[in-house]
Amino acid sequence: MNTELKELGLKNLGKIYHNISYDELIKHELENGEVKETSSGATAVDTGIFTGRSPKDKYFVDRAPSNQHIAWGDVNQKISEEIFDELLELSREQLSGKDLYVTDVYSGASPASKKSIRFVTEIAWQSHFVKNMFIRPTASELEVFKADFTVLNACKAVNDRWKEHGMNSEVFVLFDIERNLCIIGGTWYGGELKKGIFSMMNYWLPLDNKLSMHCSANVGEENDTALFFGLSGTGKTTLSTDPHRALIGDDEHGWDDYGVFNFEGGCYAKVINLDPKSEPEIFGAIKREALLENVVLDENGEVNYEDGSKTENTRVSYPIEHIVNHKEDLMAGHPKNIIFLSADAFGVLPPVSKLTREQAMYYFLSGYTAKVAGTERGITEPVATFSACFGEAFLPLHPTVYAKLLGEKIDKHNVNVYLVNTGWTGGGYGVGKRMSIKDTRACINAILDGSIQESEFDTTKTFGLHVPTTLGDIKPEILNPRNAWADKEEFDATRDKLAAMFIENFKKYQDAESEFDFSTAGPKLEK
């Protein structure tokens, strides 16, 4: 291992902890004072001033041939080779002469699509995090392991020359695709490690005609695979974790010629307000080997999941084996159902809608959810968020590349697509109420068992969504959102306001020369 690290430019190496066990990692974390032990046996870390990713600090080196494929802009920013090399040297200086943790893992469970990833860090809990989050090779696989891509995490290094470099801050998350190398500095947040590799999988796979997806996935006893797309906070992890269906994964997947496969070997669940009654599987997964982030503990190591004083983005990572009912090989066949999850804080979208193929493409490219008032200073009403393909922050290629692949696969495998609102009903945030998990699960179950197909459907005004008139024990007035509002005129005004936001956002996909003008499948305002 010393030879490989020296080839990366690291010098005067200290002790190298290469692929050490969970027990050893936890011992190091505790001895180093990096974590605290909780009453459940999990360890808990504070990630410092950064309790979330730094998307404005992510850059790709601008050089051929990879630069011909990247969709440059606010998401994928350019950096020169010269600046990358300068910050690479800064990272090398930080890691040289230190004891280091080296962790070798796979991204992608499908043998036809997996990548070998090596992480190098001087922080034990970060090694623990990637051991949780990625696929752990067997002992025999480790003997012949050869990295396709390497991440140097020099989180203690900061770029004091960031203004001179024309960058956003002293934090840097940099990718050199041609050198198969990522360097991280200035932020300790574990999510950068996870999502950095997700970004790379989103680069590699579509160029090989395979779809990469920001979704969770599970499979039933009849081998009926379901995909759950959604942005953070929409319920991907909660709704795909089902005692009656085997979990394939909770966040990142690929879809190749053989079916669906997880990129990861673990889960990364939000734990703010975690309730053991409504989310027993996730609660039960928080035990030894799980790693909590930025939670509040009392003197006995008891976690207060309701306390968001450090951040609302409290998280836990754990090996997928902690979920009893998981698919051991992390793979399944082609999906039967695809579900788009949106937490609509305006209270306009129905709890469940069946989409046409054209609507599926429209809502996939729109990637809608809404932030609620009070999450940021100055926000007094819901704020619409549009993130292409439900994961725009992680897409190095143009969103239409992923949409084209999705459309082809929906057609080829005759997949049903639904839109499910996990947000508000009977009014927007502050007036209406949040959809109950009970009702949302009833919608999901009706999709998965096929009973929704037996319903009669109405078509909503403006959005043109096909909604069931009755569905199991769900109150019929909830199924059509207008009926759930006391003030119908206020609903109409709010609906038209949200429709206008959708229309404005989608204009960027209406290039006259593009084959992806699915705007006719979106909402239509009366003139």
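**View 1. One cavity of 30 Å³ or more is counted in this predicted model.** A cavity is a set of points, on a 1 Å grid over the protein atoms alone, where a 1.4 Å probe fits but cannot get out. The largest cavity has a volume of about 50 Å³, volume being the space filled by probe spheres set on the points, which are joined across faces, edges and corners. Local features need pLDDT of at least 70 and side-chain atom pairs pLDDT 80 or more, while totals for chains, interfaces and linings use all residues. Residues are numbered from 1 along each chain, and side-chain values use heavy atoms, without hydrogens and water.

**View 2. The lining of the largest cavity.** Lining residues have an atom within 4 Å of a point; among them are Phe 198, His 214, Phe 364 and Tyr 402. β11 (211-219) gives the largest share, three residues, and α6 (191-204) also supplies at least two. Helices (H or I, at least four residues) and strands (E, at least two) are DSSP runs, numbered from the N terminus. The lining has seven nonpolar, four polar and no charged residues. Ala, Val, Leu, Ile, Met, Phe, Trp, Tyr, Cys and Pro count as nonpolar, Asp, Glu, Lys and Arg as charged, and the others, Gly among them, as polar.

**View 3. Helices α9 (residues 357-366) and α10 (residues 399-413) pack at about 150 degrees, with axes 10 Å apart.** This makes α9 roughly antiparallel to α10 (angles over 145 degrees). Axes are lines fitted to C-alpha atoms over the stretch in contact, and angles run from 0 to 180 degrees between N-to-C directions. In α9, Phe 364 is one of the residues that meet α10, where Tyr 402 is among the partners; contact means heavy atoms within 4.5 Å.

Key
Angles under 35 degrees count as roughly parallel, over 145 as roughly antiparallel, 65 to 115 as roughly perpendicular and the rest as oblique. On a 1 Å grid over the protein atoms alone, a cavity is a set of points where a 1.4 Å probe fits but cannot get out, and a pocket is an open set with protein on both sides within 12 Å along at least five of seven lines; lining residues have an atom within 4 Å of a point.
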